[in-house]
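Please look over the sequence and the structure shown here before reading the report that follows.

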Amino acid sequence: RRAVSELVRAATSENVHPFRPEENSFEMAWDELLFEAIGDFLSGQKTSRLALERDGKLAGLALVRGQHIAAPHKIVIQVHPAFRGRVEDELVITALQRLSEFPPREIRADATNSHPELIRALEHQGFRFLNGLTLMELVL
């Protein structure tokens, strides 16, 4: 659990830390996982979390949410900065393999400009840019 927390913190840009909630979709308490499982069942979806280790360390995480009904599938990937450029392709391919168990439909993936290696890995698998988000702050 600590390794997951450290990876998510390390993979998040420093300027985003004040805006990101402490909770994340990779590190959930048992009761949150229970409610997620109930919600998955009721909404016809399945959420999986995958961890990739390299050299005995947690290198990357993937959240894969497959839909049995009409909503798009979802992929969220976090990579420890020490492993950037080395594990993104494997995480994307593994997530897509997991989604192949579901009916074919649109797949949405989150990636930021601060992680160009992930953007390239997604584009290599046929993803295209849909829209962007710019995070801005005004300090008074």
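Leaving aside its neighbours within four places in sequence, glutamine 45 is in contact (heavy atoms within 4.5 Å) with Asp40, Arg65, Gly66, Gln67 and His68. This is a predicted model, in which local features need pLDDT of at least 70 and side-chain atom pairs count only at pLDDT 80 or more, while totals for chains, interfaces and linings use all residues. Residues are numbered from 1 along each chain as its sequence is written, and side-chain values use heavy atoms, with hydrogens and water left out.

Glutamine 45 belongs to strand 1 (residues 45-54), where strands (E, at least two residues) and helices (H or I, at least four) are DSSP runs numbered from the N terminus. Glutamine 45 has a relative accessible area of 18% and is therefore buried, a term that means under 20%, with exposed over 50% and partly exposed in between, for a 1.4 Å probe and protein chains only. Its side chain makes a polar contact of 2.7 Å with the side chain of glutamine 67; such a contact is a pair of N or O atoms within 3.5 Å, of which, within protein, one must be able to donate a hydrogen and the other to accept it, and residues adjacent in sequence count only if both atoms are side-chain atoms.

Threonine 47 is also found in strand 1 and is buried, with a relative accessible area of 13%. The side chain of threonine 47 is joined to that of arginine 65 by a polar contact of 2.8 Å. Not counting residues up to four places away in sequence, threonine 47 touches Glu36, Asp40, Leu63, Val64 and Arg65.

## The largest nonpolar core

A nonpolar core is a set of buried Ala, Val, Leu, Ile, Met, Phe, Trp, Tyr and Cys residues joined through side-chain atoms within 4.5 Å. The largest one has 19 residues, of which Ile75, Ile77, Val79, Val87, Leu91 and Val92 touch the most other members. Strand 1, strand 2 (57-67), strand 3, helix 3 and helix 4 each supply at least two residues of this core, and the largest share, four residues, comes from helix 3.

## The two sides of helix 4

In helix 4 (residues 116-124), the residues Leu118, Ala121 and Leu122 are buried. They cover an arc of only 95° around the axis, which puts them on the same side of helix 4; the arc is that of the directions from the helix axis to the C-beta atoms. On the other side of helix 4, Arg120 and His124 are exposed.

The buried residues of helix 4 pack against strand 3 (73-79), helix 3 (88-99) and strand 4 (107-110).
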